[in-house]
Each structure stands twice: as C-alpha cells, then as structure tokens.
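I opened the model and kept notes as I went. The entries follow the order of my look-ups.

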Amino acid sequence: MTTLLEIRENIKRIYSRYSQYILAAAKFLLAAAAISMVGEATGYSRAVTGALPTLILALFCAVIPSGGMCAVIGAVILVQLYVLSVLALALAAVIFLLIFLLYFRFSPRDGVLIVLTPVCLRLGIPYVVPMAAGLLLSPSAALSIAFGLVVHFAISFISQNETVLSSVDSDTLVESSQTIIGGIFANPTMLVMIAAFSVCVLLVYYVRRMRVAYAWSAAIAAGAVAQLILLLIGDVIYDTNFSIALVFLGMIVSVAICSGLAFFFFNLDYSRIEQVQFEDDDYYYYVKAVPKVSLRTRERTVKTISRTMRRHDAPASRGGRGAQMQSDDDRDGYDEYEDYGDDADAYRGDGGCAEDYTVYDEEENHG
Amino acid sequence: MLNEEKIRIMTRMAMYEANAGKADVRRDAWFKGDYLSKELLLSFLVGTAAFAVLAGVYAFYHIETLMLTLYSMDILALARGVGLRYVLFMLCFEAVTWIVCSLRYERGEERLRRYCKDLRRLSDGYGGKDSDRK
C-alpha cells in the first residue's frame, strides 16, 4: 500500500508540474482516436481522415478547448457524410443542431464526454464513462453521454446503410430518409444503453455523495450492478443482442479503472475516523472527520554549512563530538574533517578557509 | 522575503480570474431577476428553434401519412395537439433553464464574494484603503 501511495504522490507531483502538457497530450490522443474511428467507420474521404490530416487536426484539437474539439470532430463527420450523400449530411447536421440547441447552452464543459463515449464504446469499455462521470462530474453528464451514444449509433447505422444512402434519388428520397431516421432514433440497443447509462450516472452520483463509509466504492459497485441489470433486462425485452461475456468483461475492466480513479481522487482511511463533539452558544456539533490516506514524499532537507577556520587552528582540542581530523590527503593545503553531524554549526564563522558540508535529513511521514 | 500567504491568495485569485471569473463578472452586472429573464427569453428562442427542428423531422418521417390524410384531417385538432406539445416542451425547457441559471447565478455570486474577500485581505496586506477603514 505504501508503494502505491508513493506512486500516487509521484504521479500527482508530475501532473502538477506538467499538467498543461499532459492535458494537451490527452486531448491530442482522444482527438486522434476519435478522428481515426470516424475514418474507420465512414472512410469516404481520405482528405480529412488520412494520417497527415488526422495528425494536424489532432494537434489543433490539443490546443483548443474541449468544445472546439467537439466542433472539429463534428465537422470531420459532416465532411465524410457529405461525400457519401447529401441526405446523410442533412441527417447528421440535424442531430448536431439539436445537440447544440438543447445541450451546449447549459453544459459546454462536459462536451468532451460526447467524444469520449464513442471512443470507449469502440474500445469495448463504454461502461467506464457513466461510472467515472458519476464519480467526478454532475448528473448533467448523463445528457452528454446520451448524445455521445446517439452520435456513435448514427454513424454506425449510416455506414451500415451506405448503399441505400449513396443511391438515393428523388423517388426514393422519402423512403430512404424514413429508413435512416427510424434506424437511428428507434435503435433499441441505443435506447437501452442510454437508459442504463443515465441511471448509472445518477445512481453513482447520489451514492458517492452519501455520508456513509466507503461511499465511492459503494457507488462504483452500485453503478456496475445497475448497468448490468438494465442491460440484461433490455436484452431480454428488446432483443438487443448484447454479448453477455463481453459486457461482463467490459464491466470488470471499467470497475478496475473507476477504482483507480477513486484511489486518486477520494482515498480515505475509514479505520481512523474521528468523532468529535463540541458546542457554541446556539448549537451542539457532532462532527465525523475521516482522514485522507496520504503519504508525504521523502523530504530532503539540504543544510549547507559553511565552515571557516584558520589553517593553524588544528581542532585537536575542538574535534569534539563527531569531528575527526585526517591528514591532508589530497594535498590542497587543508586538513579534512568528516562527519560533523549536528555539531557542524560550531565551526561557522571562524575566519580563514571555508569548506562546505551538506547534511541530508530524510524524514518520512505517514499521514 | 516571500510572503507565502500573499502568494497563495494571489494564485487563487489569478486562477479564478482566468477561469470562472470572467463569466461571473459578466453575470454580476445583472440583477438576478433580470439575468433570469434574459436567459429565459434566450431559451424561449432556442427551444422554439429546437422544437421546430424536431417537429420537422417528425413530419418528414410521417410524410406519407400526412399527405394521405391531409384533406380529411381536422386541422384545428392537429394545431391544438402540436400547440399542446409545444407548450409542454417549452415549459420543461424553461424550467430546466430557470433551475440551471439560478444555480449558476448563486454559485457565481458566492465565488465572487470569496474573490472580493481575498481582494480585501490582499489590500489589507499592502496597507490599502480597506485596512484604513477597519
């Protein structure tokens, strides 16, 4: 455990020192993954999803706010769908317009979840997103995740029906549109996932705010169980064809990731709870204080002791505690002294030659 | 000699100014009632546009049925149905706007109060006007 805490403190220190670069790198990776996945799913135009354009766009996304990243990835999707057909472009534009009108007005800061959800879905661990959002964000994150799911399933559906969309003419326009709209918005898998993820975000949020011991662990467990139950019920009722084994595997990985997050963001030592009670003029106070598990990193205090002494003041009489005279081995004209320890200050300010000594005090505190 | 307390206050203030501070100061220029009215009006326009888009998609999806029953349908009943849905949609949207904007305003005010308190402490540290007033 001590090793883990040391690692955590080191990671925190590194993050606080290089947070700008780390955040930019994370945004770069997320944007690159999202654009690559859009290219993989659609791939109608290499002009925006080729290796070089992906790199340039991801670099651009790394230095702009997360709302801008959503806009860039949205534009990439629209360009891809425009190459496929104008109908696909129009449908995607309507979805993005609705997201913009209904959502971005209220909570633009959670916009990164709209990008993160499809990426995690592609990686097979979408369950981590609602649990992490419930732990670290507010309940409104459920809306971002829902929009992320809509975007993912819309792109998937359009790419699966590209033959229908690419051969649309004026006679089949209405029929094709109905097929696509119905396919996107009445997709039972998407609806079941939206319901399960929304319930998970709300449940995790409220459980982790409860004043009980191990609230975060309980929240993670509750979120995982709720998702499992809702996905299984949805599978039974709507025949969504979830692979139970993959759902379980994804859930285990998600729980592990969320436990890691809890370790970094909310690590309390419930074995050392303190209950205190005091009063003022108006109230009695019953306070429960739960200490954080923390480990102060080794503090290295460097004391520079400048010793000055006259050459002929050979400290035979003042060698005293810890000081030991040696012969002038390196022939620099001065005698060497070593191991001054706490007595070193006694030699300060004598005049004559000066030598520097460094004393390292290492202390390790368990908080 | 570095004054750590002063550095801590100034860092906190600079972080606030760089992040939520700008929006809070803009918001603080309004009284709460006026701010909420402005946001509700904006939400009315945005919500109407969103409802129009949703209604358009719905109509397009059911265009065949609409065309077939266009001459036999009760236009007034249709208008009443659409109007009722519009009112319900807008009520929900405006309620969400009111809750979100109220919370946002109150939290912003709280942050701004803390900022002003820090400003006073800093001013006291430099022997500013506020320290004389005490």
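Which residues are buried in helix 7 of chain A? I looked up each position in this predicted model. The buried ones are Val128(A), Val129(A), Pro130(A), Met131(A), Ala132(A), Ala133(A), Gly134(A) and Leu135(A). That makes 8 of the 9 residues of helix 7 (residues 128–136), so this helix is largely enclosed by the rest of the structure.

**Around helix 7 of chain A**

I next asked what the buried residues of helix 7 of chain A pack against. I found helix 6 (112–123), helix 8, helix 11 (188–208), helix 12 (215–238) and helix 13 (244–265), each in chain A.

I took the pair of helix 6 and helix 7 of chain A in detail. They pack at about 145°, and their axes are 9 Å apart. Helix 6 of chain A contributes Leu113(A), Leu116(A), Thr117(A) and Cys120(A) to the contact, and helix 7 of chain A contributes Val128(A), Val129(A) and Ala133(A). I sorted the contact by class and got 6 nonpolar residues, 1 polar and no charged.

**Met131(A) and the cores**

I listed the contacts of Met131(A), leaving out neighbours within four places in sequence. The list runs Cys200(A), Val204(A), Ile220(A), Gly223(A), Ala224(A), Gln227(A), Met251(A), Ser254(A), Val255(A) and Cys258(A).

Met131(A) also turned up in the largest nonpolar core, which has 80 residues. There, Met131(A), Ile145(A), Leu149(A), Ile158(A), Met193(A) and Leu231(A) touch the most other members. Which helix gives the most to this core? It is helix 8 (residues 141–160) of chain A, with 13 residues. I also noted a second, separate core of 8 residues; among them are Leu98(A), Leu101(A), Leu102(A) and, from the other chain, Val53(B). I kept the general rule in mind here: nonpolar side chains in soluble globular proteins tend to be buried together.

**Chain B**

I moved to helix 1 (residues 4–28) and helix 4 (residues 75–125) of chain B. Their packing angle is about 145°, with the axes 9 Å apart. The crossing of helix 1 of chain B past helix 4 of chain B is left-handed. I counted the classes in this contact: 11 nonpolar, 2 polar and 12 charged residues.

Is Thr97(B) buried or exposed? I placed Thr97(B) in helix 4 of chain B. Its relative accessible area is 1%, under the 20% cut-off, so Thr97(B) is buried. Residues up to four places away in sequence aside, Thr97(B) touches Arg105(A) and Phe106(A) in chain A, and Glu39(B), Leu40(B) and Ser43(B) in chain B.

**Arg272(A)**

I found Arg272(A) in the loop between helix 13 and strand 1 (274–279) of chain A. Its relative accessible area is 37%, so I logged Arg272(A) as partly exposed. I checked the separation from Leu101(A): 171 residues in sequence and 49 Å in space, C-alpha to C-alpha.

**Chain A overall**

Chain A has 13 helices and 6 strands. Of its 367 residues, 43% count as buried. I then took contacts in chain A between residues at least 6 apart in sequence, and 70% of them join residues at least 24 apart.

How confident is the prediction for chain A? The average pLDDT is 78, and 81% of the residues score at least 70. I flagged residues 316–367 of chain A, where pLDDT stays under 50. The model has 106 contacts beyond four places in sequence for that stretch.

Conventions. Residues are numbered from 1 along each chain as its sequence is written. Chains are lettered from A and ligands numbered from 1 in the order in which they are written. Side-chain values use heavy atoms; hydrogens and water are left out. pLDDT is the predictor's confidence in each residue, from 0 to 100. Contact means heavy atoms within 4.5 Å. Axes are lines fitted to C-alpha atoms, for helices over the stretch in contact, and angles run from 0 to 180 degrees between N-to-C directions. Helices (H or I, at least four residues) and strands (E, at least two) are DSSP runs, numbered from the N terminus. A crossing is left-handed if the near helix is turned anticlockwise from the far one by less than a right angle, and right-handed if clockwise. Ala, Val, Leu, Ile, Met, Phe, Trp, Tyr, Cys and Pro count as nonpolar, Asp, Glu, Lys and Arg as charged, and the others, Gly among them, as polar. A nonpolar core is a set of buried Ala, Val, Leu, Ile, Met, Phe, Trp, Tyr and Cys residues joined through side-chain atoms within 4.5 Å. Buried means under 20% relative accessible area, exposed over 50%, partly exposed in between (1.4 Å probe, protein chains only).
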